[in-house]
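Welcome! Here is a short briefing to read alongside the structure, grouped by topic.

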Amino acid sequence: MEGGSGHYNPRTVEEVFKDFRGRRAGMIKALTTDVEKFYQQCDPEKENLCLYGFPNESWEVNLPAEEVPPELPEPALGINFARDGMQEKDWLSLVAVHSDAWLLAVAFYFGARFGFDKNDRRRLFNMMNDLPTIFEVVTGVAKKQAREKSTVTTNSSSKSKTSVKTQPRQPEPQTKLTKAPPARDDEESGDEEDDEHGDALCGACGENYASDEFWICCDVCERWFHGKCVKITPARAEHIKQYKCPACSNKRARV
């Protein structure tokens, strides 16, 4: 069940982390920008279904592997059965939690299979732990935590650098008069400045803000997205009076 990736077996910490990031991106896409398609595929009338994420950042809803034991740990079984018995938001959050658990299981399966020692396992976990969980991205917790962290970092920086030019804090993504990405000072550099801009996380892929990428904000949920993640170009954004992300558009369509 490897989505065209064949028998891909990452053997180093960096390769396992790359595999983790790809699978994570695919599952986030299923639960955010592709949520309508994901919702429709999880038909409760079908047999036990699983959500798979693949290293190439794609996703698939399918039956579990037939071989026993499977080649890789299997994701949560029967996610489709709870779909109509819960609020959609709660159901997506439940799938997100199980998806996080599966990603960790797959990563440490590779670590055990290829003999990662204690230091390798710790380094792998720390690399994965630096990214928001799927649950945090889907529920918006990641955005809130990053904003709070940015506030603390900005306050401490202003106290310790009174003789240095004040670094302007990135405005919180609230104004939607333009379809441009959150403001960022090109003179800023270093880890501390990266933290100051960390409060802008893409609602689709969960990645941080980058100055060379076009972003757009949803006028309904106020989450920011990479233009490429929601298939909006700067030229197209100029003609959009009120932008609704795929998740908000799909919710209104089903009401």
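Is Glu-57 buried, partly exposed or exposed? Glu-57 counts as partly exposed, at 42% relative accessibility; the term covers values between buried, under 20% relative accessible area, and exposed, over 50%, with a 1.4 Å probe and protein chains only. Please keep in mind that this is a predicted model, in which local features need pLDDT of at least 70, side-chain atom pairs count only at pLDDT 80 or more, and totals for chains, interfaces and linings use all residues. Residues are numbered from 1 along each chain as its sequence is written, and side-chain values use heavy atoms, leaving out hydrogens and water.

- Most residues other than glycine have a negative phi, and most peptide bonds are trans.
- Glu-57 has a positive phi of about 70° and is found in the loop between β1 (50-53) and β2; strands (E, at least two residues) and helices (H or I, at least four) are DSSP runs, numbered from the N terminus.
- Glu-222 also has a positive phi, near 65°, and its place is in the loop between β3 (215-217) and β4.
- The peptide bond from Val-68 to Pro-69 is cis, with omega near -5°, and Pro-69 belongs to the loop between β2 (59-62) and α3.

**Aromatic rings**

- The structure holds six aromatic pairs, where rings of Phe, Tyr and Trp (its six-membered ring) pair if their centres lie within 6.5 Å.
- The rings of Phe-17 and Phe-20 are stacked, because their centres are 6.3 Å apart and their planes are at 20°; planes under 30 degrees apart count as stacked, over 60 as edge-to-face and the rest as tilted.
- Phe-17 and Phe-20 both lie in helix α1 (residues 13-31), three residues apart.
- Phe-17 is buried at 13% relative accessible area, and Phe-20 is buried at 8%.
- Phe-38, Tyr-39, Trp-59 and Trp-91 form one aromatic cluster.

**Two packed helices**

- The axes of α1 and α3 (residues 88-113) come within 10 Å and cross at roughly 165°; axes are lines fitted to C-alpha atoms over the stretch in contact, and angles run from 0 to 180 degrees between N-to-C directions.
- That makes α1 roughly antiparallel to α3, a term for angles over 145 degrees.
- Among the α1 residues that meet α3 are Val-16, Phe-20 and Leu-31, with contact meaning heavy atoms within 4.5 Å.

**A buried glycine**

- Gly-227 is found in the loop between β4 (224-226) and α8 (234-237) and counts as buried at 3% relative accessibility.
- Gly-227 touches Phe-214, Trp-215 and Ile-232, not counting residues up to four places away in sequence.

Terms used: Parallel < 35°, antiparallel > 145°, perpendicular 65-115°, else oblique.
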